[in-house]
Amino acid sequence: MVSRRNFLIGGAAVPFLSYLELAETAFAATPKDILVVAQQLDNMTSLDPHEGFEAVGGEMMSNMYQKLVRANSDNPNEVDPVIAASWAADAENKVFTFKLADATFASGAPVTADDAAFSLQRAIRMNKSPAFIINQFGFTAENVESRIVATDAKTLTLTTETPTAISFLLFCLSANVAAIVEKKTVLANEADGDLGNAWLQKNSAGSGSFKLQAWKASESITLMLNEHGPYKGNLKRVVIRHVVDPSSQMLMLQKGDVDVARDLTSEQLKALQSDENVVLVRKQIASLMLISLNQNNANLAKPQVWEAVKWALDYDGMQKNIVPLTHAVHQSMEPAGFPGTVTDTPFKKDVAKAKALMVEAGLADGFDITMDHYSAQPYPDLAQAIQANLGEIGIRVKLQSAENRQVLTKMRARGHEMALSAWGTDYFDPNSNAEVFCINKDNSDDAKKKPFAWRSSFKSDDFTAKAEAARDEKDPAKRLELYEALQREFMQNSPFAVMFQNTKTAACRKNVSGFQLGVLSEGNSYLETNKA
Amino acid sequence: MITTFTNWALDESPSSRRQAAWGNRYRTWLKLRTNPLGMIGLSIIAVFVAIAIFAPLLATHDPATQDLANRLARPSAVHWFGTDELGRDIYSRIVYGGRVTLGMVIAVVVLVAPIGLAIGCIAGYFGGIVDTILMRLTDIFLAFPRLVLALAFVAALTPGIESAVLAIALTAWPPYARLARAETMTVRGSDFIAAYRLTGGSAWRIIFRHIAPLCIPSLVVRVTLDMSSIIITAASLGFLGMGAQPPSPEWGAMIATAKRFIFDQWWVATIPGIAIFLVSLAFNFIGDALRDVLDPKES
Amino acid sequence: MNKRFKSLAATLSSVLLTLLGLTILTFLIGRVMPVDPVIAAVGDNAPEDVIMRARAEMGLDQPLPVQFLHYLGQLLHGDLGVSVLTKNPVAQDIARFFPATFELATAALILAVVIGVPLGVWAAVRQGSVTDQAIRVVCLAGHSVPVFMLSLISLLVFYSALDIAPGPGRQDIIYDGMIDSVTGILTIDTLISGDFGAFRDALAHMAQPVIILAYFSMAYIARMTRAFMIDALKGEYIITARAKGLSLTTVIWGHAFPTVAVQLVTVLALTYAGLLEGAVVTETVFSWPGLGQYLTLSLMNADMNPVVGSTLLIGVIYVGLNLFADILYQMLDPRVRS
């Protein structure tokens with residue numbers, strides 16, 4: 001007879017049994033045709049390609065949508081055709097004609113020039129965060145219908161305001177904001193004249209490799225294969241799981257619970273380098289780590305202090321010891337991997353020189369200052385190392401750690417003194433960074449435009465003029481020369497101490513091949529990914 | 001000398017109030033002494049306080065000196081507990097960290113007890129609308145998720161030890177108010193209070209000179225029990241990046257920065273964890289023993 | 001009858017006032033947070049004009065009292081607003097996240113009671129002995145370790161080293177999207193759909209966080225049970241029962257325990273409220289998509305609609321539990337009726 005007591009004891013043992021017997025089966029590797037990725041997903045705002053403007057969302061969007069062209073991952077000076085098969089400029093470089101290739105949306109409908117025109121018009125009409133990338137060519141909600149036209153089913157014409165270098169235009173059209181969406185589907189889901197925005201934030205209507213099955217915020221994103229799309233591999237689904245902790249990501253990768261881990265730290269990567277079950281896919285991306293000195297602080301406004309700071313930092317020591325696999329020393333305001341980037345690193349730790357500069361500035365006794373920094377690693381470690389370095393030359397730094405968005409809010413309000421933060425380039429052209437670092441025409445508190453330089457109250461008419469000249473230069477070779485000169489001057493004569501450039505690593509299990517990382521998150525692609 | 005004191009305190013018929021009070025305290029101490037867990041707890045805390053006070057003498061290195069080439073070193077003769085992610089000596093950081101933790105705990109108690117006492121006594125004594133309003137306020141703070149409230153306060157006040165202390169204090173006072181109020185209500189109808197009123201004592205005088213002191217024993221018990229949760233909340237805030245800022249050697253913050261090495265260099269995170277555990281446990285033992293001795297049915 | 005009605009009305013109004021106070025407090029916190037809520041809507045790199053427009057659209061340029069009244073009005077219509085981070089209505093998000101936390105907290109409470117209460121009784125019966133001390137040490141130890149520490153070590157030992165527990169998350173990938181969400185509580189939903197493999201998987205994923213949370217609360221429950229039990233065992237009617245020759249087991253469980261049970265109810269109510277918010281840290285380590293994660297993430301981005309909504313929910317539960325405990329106490333214990 002089974003007494004009540006025995007029954008209860010037996011019942012309690014059932015979950016335990018499941019551990020022991022299922023150790024070989026249910027906790028085994030992930031299914032063959034599903035790619036499971038562990039990634040931090042907490043920074044996403046929207047999956048509407050004409051609205052979303054941050055790295056993680058950008059990566060998802062570039063796997064769900066196609067643009068007219070795509071930046072060539074191997075050769076940064078070229079673009080490859082995607083939706084646009086060929087293109088031509090008129091004599092004045094103001095009218096650009098695109099002939100479209102054959103492509104199909106996930107719904108089965110063909111991609112037409114009408115969809116392309118609608119998409120670009122939509123981006124400008126909605127006028128969200130990334131819209132400036134294309135409306136800098138003079139498009140507005142009023143003129144967009146006449147300037148972006150589908151002249152027939154396979155031909156698209158763009159007319160810019162002023163003569164434009166076609167390479168610049170093409171690079172801007174390779175950004176996610178120029179993604180081609182399916183006009184019929186988007187308009188069918190329009191509400192309150194929002195051009196389908198609310199619906200497209202959580203759904204997809206594109207021609208890319210995958211379509212969006214579900215986005216559960218802070219939990220997971222599930223992408224389903226688009227049978228009509230360009231993907232030719234053996235995956236049917238890609239599931240991206242939100243795992244905040246890099247240690248957890250590592251554990252899951254090693255156990256085979258995920259196929260790819262995206263946010264591992266230097267220490268973890270070091271350990272994985274010798275692991276034969278894991279392949280590391282690495283790419284230096286367009287993200288720079290720098291210290292900003294707010295010019296509204298009297299001490300920080302002295303040019304000798306700018307230089308003193310740059311000569312006090314132990315770049316190599318920090319890079320080798322704290323961030324060996326995730327960052328490289330880089331001191332120019334343009335990221336490596338972009339055309340025209342200068343990779344000189346003139347600054348090295350020289351305490352004597354830095355101290356002499358402090359004396360020259362009349363600050364032989366040093367001064368007290370605060371430095372804000374992100375609370376996510378490796379920022380706290382680097383901040384403490386910086387604190388020690390600056391302490392040696394008399395700058396006594398008090399550290400303030402805060403969430404990313406908190407630091408951002410503070411910098412936007414010009415509330416920081418020194419700040420250690422990162423800047424990710426917006427689109428694939430040297431103007432993207434040059435503009436935010438150099439072009440500041442209005443330094444008042446309620447300026448219309450508030451570029452990165454403005455946040456630290458830095459206004460230099462000289463740099464502004466040089467950056468604008470470089471942007472507008474027609475001759476491609478001369479343009480690059482102008483940017484190179486600008487970078488060298490900026491290094492020596494600005495209140496921004498650029499220290500590192502970020503290298504992203506995707507740790508893949510060895511049976512996963514073909515995952516690509518791009519210099520911008522838009523280049524992170526599953527297009528060629530397969531699972532053996 | 002000790003025997004004289006003992007005899008005086010344990011006198012069966014005390015001749016003054018002071019003697020009776022000290023007698024009670026001494027008897028409590030005697031009872032506490034028989035509780036082995038309580039004594040263990042007390043000794044641990046005594047050691048902890050001694051370490052905190054004599055930190056400069058006990059530390060082997062400067063807790064802030066970085067040695068980037070010697071990061072994450074294993075425990076050795078030079079670095080007894082190894083080094084952390086910036087090459088700093090862990091043993092010295094633990095020793096100095098004791099000061100931070102002790103300081104935070106004392107600061108919180110110093111803030112919380114008077115606030116809770118004041119609000120509770122005032123509410124309990126005056127009753128009526130004052131009571132209703134104050135208790136409503138207490139309820140609101142009690143119903144609010146504590147960690148969230150602390151997080152919000154710290155974020156609003158800029159992260160740091162001062163803000164963390166303030167935040168913890170602001171979330172910890174409601175139970176003390178409730179306690180003080182309950183005690184006050186029991187006592188306020190008694191004869192000696194009535195006597196004070198008759199002799200013309202003002203309400204405030206009565207509350208602060210006569211009623212409040214009576215609430216203190218149960219508050220003390222509660223505080224000792226809460227110490228452990230204060231330490232853990234402080235460590236949790238440090239773990240979430242909201243507490244003491246680097247390079248302060250606060251134990252919770254040390255765990256936070258070291259948790260990413262837990263697989264290979266496990267000692268960097270585990271040793272501060274053990275420190276927190278020991279001190280919390282000690283406070284829990286003492287509080288438990290005190291509760292046994294003073295008021296076994298306390299809830 | 002009239003008196004009953006009056007007291008009910010008084011309680012109800014007090015509850016509503018508390019909730020109103022909670023709403024005001026949370027609202028104030030939101031506006032005091034040093035994070036610009038607009039960033040969560042438009043992204044870190046948004047240009048200035050987009051920010052200004054978004055701020056106007058979100059109604060953030062209105063004076064604070066106006067914003068509050070607007071929110072209150074919506075609330076009274078049952079509209080908790082929309083989350084800027086998830087783009088979903090807050091009510092929908094809470095319906096998705098709350099069951100996960102509920103599952104953890106409830107399971108943890110059940111486990112803590114199942115283990116803690118007998119332990120407390122045992123310690124009371126063996127008061128002063130080595131067993132008593134040992135039980136105390138074990139329970140107090142559970143209350144002295146930070147939960148995040150236990151969680152990390154548990155993952156390290158049971159998931160990484162020993163390989164007997166599954167990793168972070170609520171279920172394995174193969175079950176993702178396979179189970180119809182009826183209640184949102186995975187263990188129940190999997191049973192409803194008859195998928196026992198998924199049921200075992202959900203249970204396995206739940207084991208670590210539940211055990212850790214249970215251990216943490218067990219100390220308090222065991223302690224209070226012990227204290228109440230010691231008191232109950234001193235009662236005269238117990239002595240009478242023993243004198244009448246009843247066995248110790250009957251006396252403990254049949255006579256002393258019912259009294260204790262009544263008193264324990266308040267303890268349990270408080271513990272449950274603590275578990276709900278204590279799940280926050282556990283959810284982070286185990287990637288458990290629950291209310292704690294939702295609340296913290298929204299707070300860090302100053303996305304206040306979710307914060308106010310979640311806080312109100314937790315507040316309602318807390319106040320409700322207290323009320324329930326009070327009523328139960330009054331009903332069951334004749335000594336308390338005044």
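Q: What distance separates the centres of domain 1 of chain A and domain 3 of chain A, taken over C-alpha atoms?

A: This is a predicted model, in which local features need pLDDT of at least 70, side-chain atom pairs count only at pLDDT 80 or more, and totals for chains, interfaces and linings use all residues. Residues are numbered from 1 along each chain as its sequence is written, while chains are lettered from A and ligands numbered from 1 in the order in which they are written. Domain bounds come from an automatic or database domain assignment. Here domain 1 covers 34–41 + 207–283 + 504–531 and domain 3 covers 284–503; their centres are 32 Å apart.

Q: How many residues does the contact take from domain 1 of chain A and from domain 3 of chain A?

A: Two residues are in contact if their C-beta atoms, placed from the backbone, lie within 7 Å. Domain 1 of chain A gives 10 residues and domain 3 of chain A gives 13. Helix 10 of chain A supplies the largest share of the domain 1 side, three residues (helices are DSSP runs of H or I, at least four residues, numbered from the N terminus).

Q: How many residues does the contact take from chain C and from chain B?

A: Chain C contributes 38 residues and chain B 35. Among the elements that each supply at least two residues of the chain C side is helix 11 (248–285).

Q: Where does helix 11 of chain C bend?

A: The bend at a residue is the angle between axes fitted to the seven residues ending there and the seven starting there. Helix 11 of chain C bends by about 55° at C:Phe257, and C:Pro258 follows within four residues. After this helix comes C:Ser287, with a positive phi near 50°.
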